[in-house]
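Welcome! Let us take a short walk through a protein model together, one stop at a time.

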Amino acid sequence: MKKIFALIVLVAAFCSAFAAKNRMKDHITETKLGSYDEFEIGSGSLKTKKAIGAGLGSQDFIVNFNPRKNTASLHYKKLGMKERLIFDMDGRKSFIEAYNAYLADYDAKKLNRKKTKFENAYGQARMRVDWGAFTYNLNAHPKAEFGYIFAGKSPYFAIRVRSIKSEESHDGITPEYSGALLYFNRSQAGDLAEALSEKTISETMQSLLAPKEASDDYVEESNYIEDDSKSENNTEYLEK
């Protein structure tokens, strides 16, 4: 009986030490990541309607991740205003599922070109949007819908953000968010889906936590010319 009791005590002590080690490891990880308010996890381009004239205008976007809040933010500009659409974990999952469903419909030629307006085909998610002229001083939690829309002969995966009143008031006035419609061709939507994936987030965090090796290599200064132009051509959607 004494041997059994001693064995139980030994196992309990081992489990306690193992749990303490894991807690310390998690604490160290949180402390290291806590030094980052946000860090970039992806970038790409999207399209929005032009302010003047018909057609779509292209612009770059970046995606940041906030490890403290476990949120990813899509940063872009609309009509001169700064905006960021914030995805929590459920929002990221909903977007990726919608994107995969769109690809399946595209390949199967199921997209209805007779639909001249946004088609909410792939669900929605509640998100946070921050906006402002120079800083993100306004915010709200609108619905973001995932679907597609045709522009000419070409289909685009799209995110439609509903208009909603701000949760911040200034001088007794409550501004209203006008909404947004973001267009992505397949490649552009793929860039965003990759950035929002848990795989990308995990790999980026691991790279930040990895110890940096010092290099004694002497690198001479040199001038390089790089072509950073991006191909934004979209293919026409050809029916079978």
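Predicted model: local features only at pLDDT ≥ 70, side-chain atom pairs only at ≥ 80, totals over all residues.

Is Glu83 buried or exposed? Its relative accessibility is 2%, and because buried means under 20%, Glu83 counts as buried. What does its side chain meet there? The side chain of Glu83 makes a polar contact with the side chain of Lys78 at 3.0 Å, and another with the side chain of Tyr177 at 2.9 Å. Leaving aside residues up to four places away in sequence, Glu83 also touches several others, including Leu74, His75, Trp131 and Ala180.

Now turn to the nonpolar residues. The largest nonpolar core has 42 residues, and Phe95, Phe157 and Ile159 are those with the most contacts inside it. Take Phe157 as an example: not counting residues up to four places away in sequence, Phe157 touches Phe95, Tyr99, Phe146, Leu182 and Phe184, among others.

Our last stop is strand 12, made up of residues 180-184. Why is strand 12 largely enclosed by the rest of the structure? Four of its five residues are buried, so the strand is largely enclosed. Strand 12 runs antiparallel to strand 9 (residues 154-161), and five bridges join the two. In one of these pairings, Ile159 has Leu182 of strand 12 as its bridge partner.

Technical notes:
Residues numbered from 1 in each chain as written. Heavy atoms only, no water. Buried < 20%, exposed > 50% of the residue type's maximum accessible area, 1.4 Å probe, protein only. Polar contact = N/O pair within 3.5 Å; in protein donor to acceptor, adjacent residues only side chain to side chain. Contact = heavy atoms within 4.5 Å. Core = buried A, V, L, I, M, F, W, Y, C linked by side-chain atoms within 4.5 Å. Pairing = 2+ DSSP bridges.
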